[in-house]
Amino acid sequence: MQVTDTIADMLTRIRNASSAKHPTVDVPRSNEKKQIAQILQDEGYIKNFRVIDDNKQGVIRITLKYADGRKQVITGLRRVSKPGLRIYSNAKEMPKVMKGLGIAIVSTSKGIMTDRKARAENVGGEVLAFVW
């Protein structure tokens, strides 16, 4: 099956696995998805991830994180910029998610980073997703 929006596919897999209380979720590997998984780990939304080589494309195995009583740490994931409608923002107008409680994942000329880091480095770019 051909997937046109691979980032939306990754976010949907994480959202579905988290709501079903699965311990891990597998996502087809790409460098962009690996950087997004690294941001999610650094911000504390997932426990960890590993890249598994299967002599084809590869797989990213994401270990999900749950709070006390198996409560989801990721309460929301939303794809912002889609293939049909790209959303860009400069450093000054970078969106704040849940008034600063969540993060926006932004693809900039300096790589994929959070909205806070993009503001600090004064770069804009394509707003990929919101996580809260």
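Predicted model: local features only at pLDDT ≥ 70, side-chain atom pairs only at ≥ 80, totals over all residues.
A residue is called buried when its relative accessible area is under 20%.

Let me begin with Thr108. This threonine has a relative accessibility of 12% and is therefore counted as buried. Thr108 belongs to strand β8, which spans residues 103–108.

What does the side chain of Thr108 reach? At 2.7 Å there is the backbone oxygen of Gly111, and at 3.1 Å there is the backbone nitrogen of Lys110.

Which residues does Thr108 contact once its neighbours within four places in sequence are set aside? They are Met113, Ala118, Val123, Gly124 and Gly125.

I turn now to backbone geometry, and to two residues in loops. Lys21 is not a glycine, yet its phi is positive, at about 65°. Lys21 sits in the loop that joins α1, residues 6–19, to β1, residues 24–28. The relative accessible area of Lys21 is 32%, so this lysine is partly exposed.

Met98 is placed in the loop between β7, residues 88–89, and β8. Is Met98 buried, exposed or partly exposed? Its relative accessibility is 47%, and Met98 therefore counts as partly exposed.

To conclude, Thr108 is a buried residue in strand β8, whereas Lys21 and Met98 are partly exposed. Thank you for your attention.

Terms used: Residues numbered from 1 in each chain as written. Heavy atoms only, no water. Helix = DSSP H or I, 4+ residues; strand = E, 2+ residues; numbered from the N terminus. Buried < 20%, exposed > 50% of the residue type's maximum accessible area, 1.4 Å probe, protein only. Polar contact = N/O pair within 3.5 Å; in protein donor to acceptor, adjacent residues only side chain to side chain. Contact = heavy atoms within 4.5 Å.
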